[in-house]
Amino acid sequence: MSVALSSEDISRAITRISHEILEKNTDPTSVTILGIPTRGADLAYRIAQSILDISGIEIPVGALDITLHRDDLRIRPPRPLMDTVIPLAGVEGRTVILVDDVLFSGRTIRSALDALGEVGRPARVQLAVLVDRGHRELPIRADYVGKNLPTSLNQSVKVSLIERDGADEVSIDEVSAAENL
Amino acid sequence: MSSKLVLKSVSILGAAPVDVEIEKGLISLIGKGNASDAQVIDCAGFVALPGFVDLHTHLREPGRENSETIATGSKAAARGGYVAVSAMANTLPVADTAAIVEQVRNIGSNIGLVDVFPIGAVTKGLAGHELSDIGSMASSKARVRVFSDDGNCVWDPLVMRRALEYVKQFDGVIAQHAQEPRLTEKSQMNEGSISATLGLKGWPAVAEESIIARDILLANMVDARLHICHVTTRGGVEIIRWAKAQGMKVTAEVTPHHLLLTDESASTFDPIYKVNPPLRTQDDVNALRAALLDGTIDIVATDHAPHPIEDKECEWENAAFGMVGLETAFSIVYSTMVASGAMSWDRLASVMSIAPAAIGRYANHGQHLEVGKPAHITVVNPQGSITVNRDELASKSRNTPFHGMNFQGAVVATIFNGLLTHKVGE
Amino acid sequence: MRHLLSISDLSRDFALEILSTAHELSRVSENGTKKLPTLRGKTVVNLFAEDSTRTRISFEAAAKRLSADVINFSAKGSSVSKGESLKDTAQTLQALGADAVILRHPASGAAHRLAQGRWISGSVINAGDGTHEHPSQALLDAFTIQRHLCDSKGDLAGLHIAIVGDILHSRVARSNILLLKKLGATVTLVAPPTLIPFAWQSWGVEVSHDLDAVLPTVDAVIMLRIQKERMSDLYFPSSREYSALFGINAERASLMKSHALVMHPGPMNRGLEITAEVADSSASVVVEQVANGVSVRMAILYLFIAGNQED
């Protein structure tokens, strides 16, 4: 196991993503941030807090569970559903920024786009991830990336966050390729 | 096959090993054999018992040959160590006339593997209203002495009284299937905590016990012989124990499955465990075992009840009642009663052979193994064991609840009228 | 788990997972989403060998909201309801490629037989078997109680639930007793002694024959449908007497705590076990039970069928 991002690296990445969001979206009041549970949602709340700290703007933030929209339900055991929390402002006509911890095949984001479509019709959708580890299987890319982390299929990326795991850290483990599927 | 058969070094009822020579259907010598022209079976470590007699067998012929025939049932009996079986009357047509019982007796004799003693119906068509041709059946060539509506209870007390009285003239016995019909309408299994949880209609113990009590009183009043089929409850045992203590003429049987299985098996909803009377609780099983030891229950009878696969491969409520038992009876009785040391070889001989033959008045059967007596012998291996495989049964049906189970004690050979009708491995 | 046959097969945690999944699914529905892609490509067969329009419709709605293909197989009056060909029917369903069979059957244990017969590879969901169990009804009842009286993630500890009526013949009662106790509630059965099973003592419940004494202590009362034919089987003398002793009316309902719920699995015999006044009162959650039924059955289908494929 090797540490790819330390606690400080993660803090810096969140701050940078927050700045980039403010730069890219000239009207931050039209932005809604939705994290993909579980750690994507934790990161979403951190980014919203960071934006508040930087600019004093309170961005509506929530969580979007994508379990029922996954395309691997036929072949994987069912998993428990997570909370979906849509802020009062909703998503209709807004700029929705999806947040996830790791961008890998892109299938989770595809499912998230489907799930988002059930909630409403945003004006535009952007994507923020803490780590992009490559190996995309779908034409999906992130608008905001904390760290590009080149990996092999024999590696797994583990994100730990204080909210859930007691400490902030991103690490890389060696595993068999089959376990990564 | 040579004309003489020798059981070499066999223990008679657990005694020191001897040779038993058999010639012309009789036991010709017990001691040190010297025959040179004989077929010799090495019986070292084996025990010889009087040939087993089953007082309660459903052979299904005539009418339901898709589940069993007299031929397949006879073969199953021989494999189980039996030399005589009692063919229950609930065939199609019902065995309620001399013609039918003679036919069953004749078919059995022609097959020649066991003595087939027909049981006559008590009432015409087992309907419970009019007495069947009891006297004609008794005086027929089948010489019927046991009468039963088994499958149905002779529920009408007046009919029961008349039947008990009527069979006295030829020393007959009424074998009662004790089941109060109103208390058991659509009943599926023992009424208790398991039936309550499974939502299967309960079969109260009192439905059996109330008929046992009534019939014991009736039989005592008219001084007739009463036999209670397949006792299953502690309460029934206690009523019979009381009656015997009063000197009343009642005998009783228990099946191997009621000595072993309980109503908990119904939790699988697999109707292989569906049987009439139903499997009861462990407390009842304990009472039945004690009763078989102390003589309250006289005999073990199989209630061998074959059914085709389709009658069991369905929902519990729609399945047939009954299980096959001829080929597993000895091993179950041995495992549950003898192996622990609770039951002696003498008692085993009594409950499997001597007492059932006496109740049925089967004159040539149930006799101690002595020179000059008919050679009806069952040889068992107490060190042996069996693993029940329903696909290897001689019976035409497969409905054994013991499939895959292992039991100590195995029947090694069966000798009927001096003929080897079964030898293990052959 | 592949089959839902009896509440007794569920662990407490899995029962709670079904309820929390139902909770999330009901929120998805409330957000306006009518259809989810979750079970796209899966085939669900409603095999009903006994009439039950409301249970069949509820399962059908649940399956369709999850994008499953639904085949309705109403077998009443056919050989299936006679039980002669459960195996043949199962093999037909297998040939049709059923991923799940929702079975309603008049014989207790029919779902067990279908699941254990090894005739089909899909899931078997027991939608009511004889007088044995009706697990999805118990789950929707617990869900309804949980929504009103508990934290949506928590169990039912501390609650007292009465089940009133024909316990002896009720599959709803059997499943409810198992589930409510599993979730920590106290259960009291109220019925004439003829309609309580002999040997109920092993169930770990209280039994009372006095509805008026029990009502002030309960948080919810589940009224069971009483079949009029029980009268001819001598279980009680007359429907008038039954109503007088064991029916709920406005006067009796007023004995209950203010938060207490009146529940009924339906269909109701208005005027027999429950008066119209009570059925339509604010304490009654009968209509909500029906709506909750769809969410709970969606959760069941999701948790038992999604991903349950051998490839």
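**A salt bridge within chain A and the contacts among three chains**

In this predicted model, the side chains of Asp165(A) and Arg39(A) meet in a salt bridge at 2.9 Å, N to O, where a salt bridge is a side-chain nitrogen of Lys or Arg within 4 Å of a carboxyl oxygen of Asp or Glu. The pair links distant parts of the chain, 126 residues apart, with Asp165(A) in helix 4 (residues 162-165) and Arg39(A) in helix 2 (residues 39-55) of chain A; helices (H or I, at least four residues) and strands (E, at least two) are DSSP runs, numbered from the N terminus. Over all chains, the structure holds 39 salt bridges.

Residues are numbered from 1 along each chain as its sequence is written, while chains are lettered from A and ligands numbered from 1 in the order in which they are written. Because the model is predicted, local features need pLDDT of at least 70 and side-chain atom pairs count only at pLDDT 80 or more, whereas totals for chains, interfaces and linings use all residues, and side-chain values use heavy atoms, with hydrogens and water left out.

Two pairs of chains are in contact, and of these chains B and C share the most contacts, contact meaning heavy atoms within 4.5 Å. Chain A and chain B, by contrast, are joined by no contact, and their closest C-alpha atoms lie 27 Å apart.

The size of an interface is often given as the accessible area lost when the parts come together. Between them, chain C and chain B bury about 1600 Å², 51% of it on carbon and sulfur atoms, buried area being the accessible area (1.4 Å probe) that two parts lose on being put together, summed over both. Of the area that chain C buries against chain B, 33% is supplied by Ser108(C), Arg113(C) and Phe198(C), more than by any other three residues. In terms of residues, 24 of chain C are in contact with 19 of chain B.

Two salt bridges are counted between chain C and chain B, and the side chains of Lys87(C) and Glu313(B) meet in a salt bridge at 2.8 Å, N to O. Nine residue pairs, with both residues at pLDDT 80 or more, are in polar contact between these chains; a polar contact is a pair of N or O atoms within 3.5 Å, of which, within protein, one must be able to donate a hydrogen and the other to accept it, and residues adjacent in sequence count only if both atoms are side-chain atoms. On the side of chain C that touches chain B, the elements giving two or more residues are helix 3 (79-82), helix 4 (86-95) and helix 5 (110-116) of chain C, and helix 5 of chain C provides the largest share, four residues. The residues of this side divide into eleven nonpolar, nine polar and four charged, where Ala, Val, Leu, Ile, Met, Phe, Trp, Tyr, Cys and Pro count as nonpolar, Asp, Glu, Lys and Arg as charged, and the others, Gly among them, as polar.

At the interface of chain A and chain C, 15 residues of chain A are in contact with 21 residues of chain C, and the two chains bury about 1600 Å² between them, with 51% of it on carbon and sulfur atoms. Zero salt bridges are found across this interface, together with two residue pairs in polar contact, both residues at pLDDT 80 or more. The side of chain A that touches chain C is made up of seven nonpolar, three polar and five charged residues.

Within chain B, an open sheet of five strands has the order 9-10-13-14-15, with parallel pairing, two strands being paired if DSSP finds at least two bridges between them. Strand 9 (146-147) and strand 15 (299-300) of chain B stand at the edges, each with a single partner strand, so one side of each is left without a neighbour in the sheet. Strand 9 of chain B runs parallel to strand 10 (residues 173-176) of chain B and is joined to that strand by two bridges, and Val146(B) stands opposite Val173(B) in strand 10 of chain B.

Most residues other than glycine have a negative phi, and most peptide bonds are trans. A cis peptide bond, however, joins Pro37(A) and Thr38(A), with omega about 5°, and Thr38(A) lies in the loop between strand 2 (31-35) and helix 2 of chain A. The peptide bond from Leu92(B) to Pro93(B) is also cis, with omega near 0°.
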